[in-house]
Amino acid sequence: MNQKPPPSNTQDANEDITQDFIRDIINKDLKSGYHTSVVTRFPPEPNGHLHIGHAKAICLNFGIANEFSGQCHLRFDDTNPSKEEQEFVDAIKEDVQWLGFDWGEHLHHTSDYFEQLYSWAEYLINKNMAYIDDLSAIQIREYRGTLREPGKNSPFRDRSIAENLALFRKMRAGEFKNGEKVLRAKIDMASGNINLRDPVIYRIMHAEHPRTGNAWCIYPNYDFAHGQSDAIEKITHSICTIEFEDHRPLYDWFITNLPVPSKPRQYEFARLNLTYTVLSKRRLKQLVSEKYVSGWDDPRMPTISGYRRRGYPAVAIRDFTNRIGISKSNSTIEVQSLEACVREHLNQIALRRMAVLKPLKVVIENYPDGQTEEFEAKNNPNDENSGTRKIQFTREFFIEQDDFMEDPPKKFFRLAPGREVRLRYAYFITCTAVLKNEEKEIVEIRCTYDPETKGGNAPDGRKVKGTIHWVAAPYAIEAEIRQYEHLFTKEIPGENGEFLDDINSESLKILSNCKLESALKNTPIGETIQFERLGYYSADKDTSSSHLIFNQTIELRDTWGKNKRSENA
RNA sequence: UGGGGCGUAGCCAAGUGGCCUAAGGCACCGGCUUUUGAUGCCGGCAUUCGGAGGUUCGAAUCCUCCCGCCCCAGCCA
């Protein structure tokens, strides 16, 4: 059937191209000759940071452009200067690029078209299809009617074309205050579709615009600006989310009645929802401004910058959006699905290292004091080409507190009194004693090692069930490690009330005495590494030369821990 | 008793009248492998497509009715 397009630079070979109703439409449009090329656009409003829901739209629009050898524009929908800021513009560009997409020459702003948009507004007035209304916002609402009752015409609806034109020009000239007058499209106050009940298309807003400064005091709203901007840019397929579906008749009304240079069409898909996550701009903003998180890029945030800081690879996010597909039905994807993508990609590329998060000191009684041995450890056992690094072994080292139990159940195959385990890449050791403090807490473990098992295998062929990780005490690097849980305790935060009530108070845990193997010394900020048997960790930007900080990206799958947890439950 | 959408397994989602006793992914459950209780590999997981009728030799796909869920009454996008 359809030939698979060649992989592009942003498309890994294993990123399969999925089929969906939008790509079906595009294929038909191309086949029928209705279009000869494809132009899409991603049109964010610069009033917040991008999140995983935007990533779905970005991957869709840019992905389609790549697959069909078309073009995807990045267009800032900057029609509301009271809400928009340059800071967001810069952050959005960075995020789109980080995700792996390139808009080339096609960085646009709706504000680039203000003059054209204005003249089309006059065009509508001249065709008696738009009028100036003096009604207040409250009155307009009253006149609009309700969902079940039709609206009624504004008393100003039948002004003459000449008067409308004169008034509109005065609006532009700044002769009125905010809210005194608006320009409305003259459509149908009785329409069942409320968007068609004479929608406001220009409002007076004496505000400085980040790009046009004080050139304008009237600004077009979304409905008037968006479709016409699409037409100017010759967008072929204008893809947006479901809630704009009943704006489409209005979109089409403008495109039909205005002398626009092309006739784009709008298609809608369902926006993304994720369990244990909040994705509305309002809520995300609130989490930041009310300091529930450290910022837009807090590693617990579902923002692109949050995931980046957390250590998620861009390819995992792209792959995720591919896997979940595109449809029109409202859906909530389990975050575990995203996390599975992250693990899958990290498993392939992440370097392996050893780190002990909650250290427990071990002393090998029959190992010479002051001696250091070096072992060769694989950087990634699943990747033959990843090479090796050296790890030091000494008489004293740290193991994970969780890897020792004084009185273990049968199925615990880590260290316990009298039991033998393998130290990864080193020796078999057997626990001979447990030292405790006055509070009866375990402070140190004594062991013996078998020199014959160097490298991790016994010449006599005996097996051990467990292999644990460790870090040599004299060579250990100290680090702070930030462990994360989902930001919310409920699958659907706020489902039964206030979403802030569902915030997980345990979502961040800081471990400060962690011991890392020496090879971790100069880990580049942002690099994600697997701490063996624990999970993936990424060096945080707060790191300084004297204070190393890692963010937990995602834990390894843990069937042992999971079973234990469900037994306790 | 306004308008617009959606309903296929726990969560997504292919499917557009016969090759569907319904792809694929996530989750889950078994087994094998394993110096990460990770990874990998193998196998299992909807006789059924919101429900009821109907059309047809044949329906998840067409028709009718019903049920459920979502969106819209900003001079936000």
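Is Thr-453 buried or exposed? I looked it up: Thr-453 is buried, with a relative accessible area of 0%. I use buried for under 20% relative accessible area, exposed for over 50% and partly exposed for in between, with a 1.4 Å probe and protein chains only.

Ground rules next. This is a predicted model, where local features need pLDDT of at least 70, side-chain atom pairs count only at pLDDT 80 or more, and totals for chains, interfaces and linings use all residues. Residues are numbered from 1 along each chain as its sequence is written, chains are lettered from A and ligands numbered from 1 in the order in which they are written, and side-chain values use heavy atoms, with hydrogens and water left out.

**Thr-453**

I placed Thr-453 in the loop between strand 18 (442-450) and strand 19 (467-468). Helices (H or I, at least four residues) and strands (E, at least two) are DSSP runs, numbered from the N terminus. The Thr-453 side chain reaches the backbone nitrogen of Phe-428 at 2.9 Å. I then listed contacts, meaning heavy atoms within 4.5 Å. Beyond four places in sequence, Thr-453 touches Ala-426, Tyr-427, Phe-428, Ala-458 and Arg-462.

**Cysteines**

How many disulfides does a search of the whole structure find? It finds 0; the criterion is a pair of cysteine sulfur atoms within 2.5 Å. I checked two cysteines. For Cys-341 the closest cysteine sulfur is in Cys-59, and at 11 Å that is too far for a bond. Cys-341 is buried at 0% relative accessibility.

I call two strands paired if DSSP finds at least two bridges between them. Strand 23 (residues 528-531) pairs with strand 24 in the antiparallel sense over 4 bridges. Ile-529 stands opposite Tyr-537. The two strands form a hairpin with 3 residues between them, and Arg-533 in the turn has a positive phi of about 70 degrees. On to strand 25 (residues 548-555): strand 24 pairs with it, antiparallel, over 5 bridges. Here Ala-539 has Phe-550 as its bridge partner. In strand 24 (residues 535-539), 5 of 5 residues are buried.

**Helices 2 and 11**

Helix 2 (residues 52-67) packs on helix 11 (residues 314-324) at about 75 degrees, axes 9 Å apart. That makes the pair roughly perpendicular, a label for angles of 65 to 115 degrees. Axes are lines fitted to C-alpha atoms over the stretch in contact, and angles run from 0 to 180 degrees between N-to-C directions. From helix 2, I noted Ile-52, Ala-55, Lys-56 and Cys-59 meeting Ile-317, Arg-318, Phe-320, Thr-321 and Ile-324 of helix 11.

Methods:
A polar contact is a pair of N or O atoms within 3.5 Å; within protein, one must be able to donate a hydrogen and the other to accept it, and residues adjacent in sequence count only if both atoms are side-chain atoms. Angles under 35 degrees count as roughly parallel, over 145 as roughly antiparallel, 65 to 115 as roughly perpendicular and the rest as oblique.
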